[in-house]
Amino acid sequence: MPRITVSVDGVTYEEEVEPRLLLVHLLRDRLGKTGTPIGCDTGNCGACTVTLDGRSAKSCSVLAVQADGSEVVTIEGLARGQEWHPMQEAFHAEHALQCGYCTPGMIMAAIDLLKDDPDPSEEAVRRGLEGNLCRCTGYSNIVRAVQRGAREMARQEAPRETRPETRQEAPAS
Ligand code: FES
Ligand code: FES
């Protein structure tokens with residue numbers, strides 16, 4: 001069996017895999033990354049979306065051997081300790097989920113779309129998430145969440161002196 005080396009959420013794994021093993025099954029069944037769900041197994045729903053070398057990928061449409069030498073990030077790799085990623089916070093704040101099954105994939109795809117368009121319009125968000133299906137929410141709150149997450153990510157990346165809430169008052173003379 002082929003032996004692969006893959007980094008998942010910052011940890012490097014060496015695994016022997018069958019050539020037909022899908023990345024999503026490697027993640028869930030071998031590495032315990034059950035935060036990445038399987039919705040359809042046919043590349044249609046986007047629930048299994050992760051990032052593969054920095055870009056979003058449906059992990060049910062990638063063979064584990066194709067991930068050899070790559071860096072994978074799943075929804076479980078986004079938080080920093082107890083601190084959620086801004087996009088996770090935004091989905092929570094905007095009530096952008098009901099059953100939550102689509103949410104890991106939505107969040108991973110949303111973060112990816114901001115790499116090309118950091119301040120997306122509603123239309124751009126809807127277009128960017130076309131490959132991710134949600135059966136519950138009607139998408140409106142998801143769109144708002146992505147735009148909110150985008151604003152917060154931009155704020156966090158801005159130089160400190162441009163952040164109003166971190167600006168220091170001049171000492172009284
Ligand atoms: S489970 Fe991968 S796209 Fe649906
Ligand atoms: S919240 Fe249920 S599928 Fe999206």
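Hi everyone, let me start with contacts: in this protein, residues 24 or more positions apart account for 57% of the contacts with a separation of 6 or more. Two residues are in contact here if their C-beta atoms, placed from the backbone, lie within 7 Å.

A quick word on the model: it is predicted, so local features need pLDDT of at least 70 and side-chain atom pairs count only at pLDDT 80 or more, while totals for chains, interfaces and linings use all residues. Residues are numbered from 1 along each chain as its sequence is written, and chains are lettered from A and ligands numbered from 1 in the order in which they are written.

Now, what pattern does the protein follow along the sequence? Reading along, we get β-β-α-β-β-β-α-α-α-α, with 5 helices and 5 strands. Helices (H or I, at least four residues) and strands (E, at least two) are DSSP runs, numbered from the N terminus.

Let's look at the sheet. The 5 strands form an open sheet with mixed pairing, in the order S2-S1-S5-S3-S4; two strands pair if DSSP finds at least two bridges between them. Strand S2 (11–16) and strand S4 (55–58) stand at the edges with a single partner strand each, so one side of each has no neighbour in the sheet.

Zooming in on S2, its antiparallel partner S1 (residues 3–8) is joined to it by 6 bridges. In one of these strands, S2, Tyr13 is the bridge partner of Val6.

Finally, the C-alpha trace of the protein spans about 75 × 40 × 25 Å along its principal axes.
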